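Subject: Structure handover

Hello,

Please find the structure below, with the sequence. My notes on it follow.

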Amino acid sequence: MPELPEVETVKKTLQQLILNKTIANITITWSKIIKHPLEVEQFIDALKGETFVDVGRRGKFLIFYTHHFALVSHLRMEGRYALYPKDEPVDKHTHVIFHFTDGTELRYRDVRKFGTMHLYKRGDEFSKAPLADLGPEPFSEQFTVEYLQKKLKQTSRKVKPALLDQKLLVGLGNIYVDEALFRAGIHPEKLANSLKKQEIAILHHEIAATLSEAVEKGGSTIRSYINSQGEIGMFQLQLNVYGRKGEACKKCGRPLEKITVGGRGTHYCPNCQKLKK
Ligand SMILES: [Zn+2]
């Protein structure tokens, strides 16, 4: 599943590809992707004649802006956007097509069909599902050490599942949470409310640093991540722990381990990230 850095990369690419393009029509072949409005015809009628004027991001959600509407899109496991000329054959996994007046098409392809789209009037998008209850952005002024400390103290969960909760903080997924915890030297199963202020300060720093470095590199390419131009493997981020079970820890040289935490495969170094110090 794409995490904040990948979605940020898709956003930037889409900005270059679709701004100022006007929607002539929309084809939807799998209506369950459209979550709001429930009537697909309403979705299509609203957007016909609208022009994409901006693409934003909130957490792992893309927000497509026209003059009057905000389209909130989550790629979930396999969702991908790509721009094609209209005469290019349409793949069977393409479920939503925005036909533009200039003869190009923005196609949404989703093998597993888990992705979602919500359309709202501009200005309503942040007060409705799915954006309404999201926590702060990791690069925002709201995400301070004090905020993180307060939230971690309030929960009885382990630190990894706590950090994956998008209501606490947006953007982290299974890959970057493992990376941030490794860099902070914190065991993923440590209870969130047992962390000391100093540990939380380091964790806060490493979350922002891990994500911003990944944004700079354009997101990682794990699971053959394809960017919205259809380019595969443009970027390869050097990960410290994720996917490196049994390989040498880059800090201490001992083998990394993989365990399950909160139902998620979790990579860590048992030497650098001790449960009890
Ligand atoms: Zn180590």
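This is a predicted model: local features need pLDDT of at least 70, side-chain atom pairs count only at pLDDT 80 or more; totals for chains, interfaces and linings use all residues.

Is histidine 187 buried or exposed? Histidine 187 is buried, at a relative accessible area of 6%, where buried stands for under 20% relative accessible area, exposed for over 50% and partly exposed for what falls in between (1.4 Å probe, protein chains only). Histidine 187 sits in the loop between α5 and α6; helices here are DSSP runs of H or I with at least four residues, strands are runs of E with at least two, and both are numbered from the N terminus.

Residues are numbered from 1 along each chain as its sequence is written, and side-chain values use heavy atoms, with hydrogens and water left out.

Zinc site

The zinc ion has as its protein donors the SG atoms of Cys249, Cys252, Cys269 and Cys272, at 2.2 to 2.4 Å. Donors are N, O and S atoms within 2.8 Å of the metal (3.2 Å for Na, K and Ca); water is not among the atoms, so sites may look incomplete. The angles among the four donor atoms run from 103 to 113°, and the site is tetrahedral, a term that for four donors requires all angles to lie between 85 and 135 degrees. For comparison, the ideal angle at a metal with four tetrahedral donors is 109.5 degrees.

Along the sequence, the donor residues follow the spacing C-x2-C-x16-C-x2-C. Cysteine 252 belongs to the loop between α6 (197–216) and β10 (257–261) and cysteine 272 to the segment after β11 (264–268), so this pair ties together parts 20 residues apart in sequence. Cysteine 252 is partly exposed, at 30% relative accessibility, whereas cysteine 272 is buried, at 19%.

Proline 270 also lies in the segment after β11. Its relative accessible area is 29%, so proline 270 counts as partly exposed. The C-alpha atoms of proline 270 and phenylalanine 182 are 9.9 Å apart, although 88 residues separate them along the chain.

Helices

Helix α1 covers residues 4–18, 15 residues in total, and spans 21 Å from first C-alpha to last, close to the expected 21 Å; the expected span is 1.5 Å times one less than the number of residues. Twelve of the 15 residues of α1 are buried, so the helix is mostly covered. Glutamate 8 comes within 8.2 Å of lysine 60, C-alpha to C-alpha, at a sequence separation of 52 residues. Lysine 60 is located in the loop between β3 (54–58) and β4 (61–65) and is buried, with a relative accessible area of 10%.

Helix α5 (residues 174–184) packs against α6 at an angle of about 130°, the axes being 8 Å apart. Axes are lines fitted to C-alpha atoms, for helices over the stretch in contact, and angles run from 0 to 180 degrees between N-to-C directions. The two helices, α5 and α6, are therefore oblique to each other: angles under 35 degrees count as roughly parallel, over 145 as roughly antiparallel, 65 to 115 as roughly perpendicular and the rest as oblique. The crossing of α5 and α6 is right-handed, meaning that the near helix is turned clockwise from the far one by less than a right angle.

Backbone

Most residues other than glycine have a negative phi, and most peptide bonds are trans. The following residues depart from that.

- Asparagine 20, which is not a glycine, has a positive phi of about 70°. Asparagine 20 is in the loop between α1 and β1 (23–28) and is exposed, at 63% relative accessibility.
- Lysine 113 has a positive phi as well, near 60°. Lysine 113 is in the loop between β8 (104–109) and β9 and is partly exposed, with a relative accessible area of 31%.
- Histidine 36 and proline 37 are joined by a cis peptide bond, with omega near -5°. Proline 37 is in the loop between β2 (34–36) and α2 (40–47).
- Alanine 129 and proline 130 are also joined by a cis peptide bond, with omega near 5°. Proline 130 is in the loop between β9 (116–121) and α3 (145–153).

Regards

Notes:
Four donors count as tetrahedral if all angles lie between 85 and 135 degrees; four count as square planar and six as octahedral if opposite donors are over 155 degrees apart and all others between 65 and 115; anything else is irregular.
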